Amino acid sequence: MLEVKDLRIKFISRPDKYAVDGVSFEINDGEILGLVGESGSGKSVTAMTISGLLQKSLIEFEGNVLVGGKEMLATDREDIHEMQGTDIAVVFQEPMTALDPVMKVGPQVEEAIRIHYPEISAEERKKMALDAMKQAELYDVENVYEKYPHTLSGGMLQRICIAAAIISKPKLLIADEPTTALDVTTQSHIIALLKKINKEQGTTILFISHNLAVVHALCDKVIVMQRGKIVENGSADEVFNNPKNDYTKNLLASIPSRDKRY
Ligand SMILES: Nc1ncnc2c1ncn2[C@@H]1O[C@H](COP(=O)(O)OP(=O)(O)OP(=O)(O)O)[C@@H](O)[C@H]1O
Ligand SMILES: [Mg+2]
């Protein structure tokens with residue numbers, strides 16, 4: 001599904017250092033891969049490169065990013081635009097900033113369909129949006145459809161963003177710290193939702209977090225990044241129960257013991 005080979009990314013504004021420094025990993029169809037690591041370790045830059053959201057004029061890059069066999073680094077903007085929302089969808093940390101504050105949430109859920117399938121009628125599109133919202137476990141969806149973002153809670157907004165991401169049934173869902181801005185209870189509901197989407201629709205997920213306990217609860221495999229490099233790579237159980245790298249051990253030691261049972 002996704003193959004990243006020896007990816008190296010440098011920002012032209014910071015030529016002295018690689019933000020991502022020789023990263024290789026793959027995700028098979030239907031798997032959930034967790035990407036963890038300290039702030040600034042290169043998680044988001046890796047994710048943005050995969051999704052094609054990183055502006056190429058700002059960076060120098062080497063390596064390969066293959067999504068379903070297609071090279072993302074060589075693909076031109078138009079093709080990437082075509083793939084976004086159909087092959088790949090992204091959910092971000094701050095649902096409030098991901099949404100347009102002056103637009104009702106329902107039509108925002110429909111965006112990928114409006115852009116990529118203009119032949120679908122407005123009526124059918126709304127039906128698809130209501131379905132996606134139900135799949136994202138929103139209730140009273142006809143009513144929620146008409147709401148503006150500021151009237152909804154953070155958890156509901158993140159469900160809206162997830163509905164917008166899954167409406168076009170992407171093969172790969174990239175979730176960059178999707179629960180970090182939420183309280184612990186809501187966080188576990190969103191994790192359960194992502195797991196359900198993975199199970200029911202077979203969506204492959206790249207899940208980014210600095211919370212190793214959350215990653216353990218959700219992911220099949222885990223990659224730990226530090227300063228642009230992968231320092232640990234294995235099954236979630238392996239990495240969680242028997243970490244090899246000192247940095248991972250420290251990351252685990254910093255989890256309060258109550259959360260370790262997660
Ligand atoms: N637009 C940019 N211009 C210059 N440097 C950048 C830019 N975006 C990110 N970087 C640098 O790239 C490195 C990796 O950043 P990245 O955002 O991927 O970290 P992260 O692992 O996602 O961190 P966090 O957990 O805080 O989200 C950092 O050193 C960061 O300062
Ligand atoms: Mg980040």
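Two strands count as paired here if DSSP finds at least two bridges between them, and I take helices (H or I, at least four residues) and strands (E, at least two) as DSSP runs, numbered from the N terminus. With that in hand I looked up valine 222, and found that its bridge partner in strand 10 is glycine 234.

Before going further I note that this is a predicted model, in which local features need pLDDT of at least 70 and side-chain atom pairs count only at pLDDT 80 or more, while totals for chains, interfaces and linings use all residues. Residues are numbered from 1 along each chain as its sequence is written, and chains are lettered from A and ligands numbered from 1 in the order in which they are written.

I traced an open sheet of six strands with the order 6-7-8-3-9-10 and mixed pairing. Strand 6 (88-91) and strand 10 (229-235) stand at its edges with a single partner strand each, so one side of each is left without a neighbour in the sheet. The twist from one strand to the next averages 15 degrees. Strand 9 (residues 221-226) and strand 10 run antiparallel and are joined by six bridges.

I then followed an open sheet of four strands, whose order is 2-1-4-5 and whose pairing is antiparallel. Its edges are strand 2 (18-27) and strand 5 (70-71), each with a single partner strand, so one side of each has no neighbour in the sheet. Strand 1 (residues 2-11) is joined to strand 2 by seven bridges, and lysine 10 stands opposite tyrosine 18 in strand 2. Eight bridges join strand 1 to strand 4, again antiparallel, with lysine 5 opposite asparagine 64 in strand 4. Strand 4 and strand 5 share two bridges, and valine 67 faces lysine 70 in strand 5 as its opposite residue. The hairpin of these two strands has two residues between the strands, and there glycine 68 takes a positive phi near 55 degrees.

**Entry: helix 1**

I checked what helix 1 lies across, and the list is strand 3 (32-37), strand 6, strand 7 (172-176), strand 8 (204-208) and strand 9, with the helix running at about 150 degrees to strand 7. For this angle, axes are lines fitted to C-alpha atoms, for helices over the stretch in contact, and angles run from 0 to 180 degrees between N-to-C directions. Contact between two residues requires that their C-beta atoms, placed from the backbone, lie within 7 Å.

**Entry: the two domains**

The domain assignment, which is automatic or from a database, gives domain 1 (2-87 + 170-260) and domain 2 (102-169). I find their C-alpha centres 25 Å apart, and 13 residues of domain 1 in contact with 13 residues of domain 2. Helix 9 (residues 184-201) supplies six residues, the largest share of the side of domain 1 that touches domain 2. That side has eight nonpolar, five polar and no charged residues, where Ala, Val, Leu, Ile, Met, Phe, Trp, Tyr, Cys and Pro count as nonpolar, Asp, Glu, Lys and Arg as charged, and the others, Gly among them, as polar.

**Entry: helix 8 against helix 9**

Helix 8 (residues 154-166) and helix 9 pack at an angle of about 15 degrees, and I note that their axes are 10 Å apart. The two helices are therefore roughly parallel to each other (angles under 35 degrees count as such). The residues in contact include Gly154, Ile162 and Ile166 of helix 8 and Thr186, His189 and Ile197 of helix 9. By class, this contact has five nonpolar, five polar and no charged residues.

Conventions
Parallel < 35°, antiparallel > 145°, perpendicular 65-115°, else oblique.
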